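Biologist: I have the sequence and the model open side by side. Could we go through the main features together?
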Amino acid sequence: MSAERNIVVLTGAGMSAESGVPTFRGEDGLWEGHHIEMVASPEGFARDPKLVQRFYNLRRAALKTVEPNAGHLALARLEREWRGDFLLVTQNVDDLHERAGSEKLLHMHGELLKARCRNCGEVCSWSEDLSSDTRCAACGKTGEMRPHIVWFGEMPFELETITNALKSADIFLCIGTSGVVYPAAGFARTAAQNSSCRLVEFNIENTAISRQFRERVIGPVSVELPKFVEQLLSDTHRQAWLER
Ligand code: APR
């Protein structure tokens with residue numbers, strides 16, 4: 001076993017839960033009585049753009065009240081100290097991984113802090129509210145700006161890069177996701193095409209995909225990830241030392 005191994009990490013809403021960002025499928029799965037699919041789909045936006053903009057405006061504003069937790073910090077440490085390739089793929093649209101120091105990071109479901117013009121396709125940083133009066137700074141059109149978020153029925157970002165990284169992964173960590181939304185829910189199977197890939201799931205409970213993992217860590221990310229990263233790095237450093 002070489003110390004220079006490739007690692008791919010997938011995170012979901014459970015990663016940010018302890019920071020105070022609500023998960024999607026907790027309790028009744030509703031937001032102000034609306035199913036999540038109603039406020040996170042192109043059909044929902046066409047039906048009631050004001051409602052959808054308000055949903056994302058509230059979530060964007062709430063980012064100002066939350067901080068990365070010890071789990072985010074542990075993943076940033078892993079990236080800094082890891083000798084092989086590293087890729088962190090998140091389904092989360094918050095910016096807590098960045099704020100914790102993660103850099104090799106892909107937001108496959110988009111970002112709350114970006115907006116996109118439906119007319120010209122321009123993507124720009126966005127930290128304030130969006131409304132039907134918002135004007136695109138690139139093309140000048142009003143009423144076409146939408147959250148840069150992948151809604152139900154839309155294609156996630158960076159899938160080719162992610163699939164290639166999964167195929168050459170020696171370690172795949174799947175953290176805080178319920179495993180019901182594809183394609184992310186299928187990433188463990190892609191990584192498992194390499195039969196020697198180490199597959200580890202982190203969650204507070206069993207998920208729809210738990211059976212695909214040879215190792216499972218049950219417990220909150222803020223507690224379990226720092227311990228796991230510490231152990232993984234010390235095992236890897238010892239291995240590198242033995243190989244000298
Ligand atoms: N530590 C570990 N896991 C946790 C914690 C925690 N502190 N808190 C919650 N979890 C787990 C839950 O048990 C659940 O399995 O996090 C998971 C969150 O699941 P979902 O709410 O379904 O979120 P996620 O899997 O990220 O959703 C995927 O669905 O709605 C879409 O685009 C949206 O990116 C989202 C996608």
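Biologist: Where is E158 placed?
Modeller: E158 sits in the loop between β8 and α7; helices (H or I, at least four residues) and strands (E, at least two) are DSSP runs numbered from the N terminus. This is a predicted model, in which local features need pLDDT of at least 70 and side-chain atom pairs count only at pLDDT 80 or more, while totals for chains, interfaces and linings use all residues. Residues are numbered from 1 along each chain as its sequence is written, and side-chain values use heavy atoms, with hydrogens and water left out.

Biologist: What is the phi of E158?
Modeller: E158 has a positive phi of about 60°, although it is not a glycine. Most residues other than glycine have a negative phi, and most peptide bonds are trans.

Biologist: Speaking of peptide bonds, which residues does the cis one join?
Modeller: The cis bond joins Y182 and P183, with omega at about 10°. P183 belongs to the loop between β9 and α8 (187-191).

Biologist: On to the sheets. In what order do the 6 strands of the open sheet run?
Modeller: The order is β5-β4-β1-β9-β10-β11, with parallel pairing; two strands pair if DSSP finds at least two bridges between them. β5 (105-107) and β11 stand at the edges with a single partner strand each, so one side of each has no neighbour in the sheet. Neighbouring strands are turned by 15° against each other on average, direction ignored. Axes here are lines fitted to C-alpha atoms, for helices over the stretch in contact, and angles run from 0 to 180 degrees between N-to-C directions.

Biologist: How many bridges link β9 and β10?
Modeller: These two strands pair in the parallel sense over 5 bridges. F172 has L199 in β10 as its bridge partner.

Biologist: Which strands does helix α5 touch?
Modeller: Helix α5 (residues 70-81) packs on this sheet and touches β1 (7-11), β4 (86-90) and β9, where contact means heavy atoms within 4.5 Å. Its direction makes about 155° with that of β4. Helix α7 (residues 159-167) also packs on the sheet, touching β1, β4, β5 and β9, at about 130° to the direction of β4.

Biologist: How many aromatic pairs does a search of the whole structure find?
Modeller: The search finds 5. Rings of Phe, Tyr and Trp (its six-membered ring) pair if their centres lie within 6.5 Å; planes under 30 degrees apart count as stacked, over 60 as edge-to-face and the rest as tilted. F172 and F213 form a stacked pair, 6.3 Å centre to centre with 20° between the planes. F172 lies in strand β9 (residues 171-175) and F213 in the loop between β10 (198-203) and β11 (215-218), so the pair ties together parts 41 residues apart in sequence.

Biologist: And the other sheet: is its pairing parallel or antiparallel?
Modeller: Antiparallel: 3 strands form an open sheet in the order β7-β6-β8. The edge strands, β7 (123-125) and β8 (145-149), each pair on one side only. Strand β6 (residues 110-117) pairs with β8 over 5 bridges, and E111 stands opposite H148 in β8.

Biologist: Finally, which residues come nearest the ligand?
Modeller: Of the 21 residues around the ligand, F24, R25, T177, S178 and N203 come nearest; a residue counts as near if one of its heavy atoms lies within 4 Å. An oxygen atom of the ligand is 2.6 Å from an N or O atom in the T177 side chain.

Terms used: A polar contact is a pair of N or O atoms within 3.5 Å; within protein, one must be able to donate a hydrogen and the other to accept it, and residues adjacent in sequence count only if both atoms are side-chain atoms.
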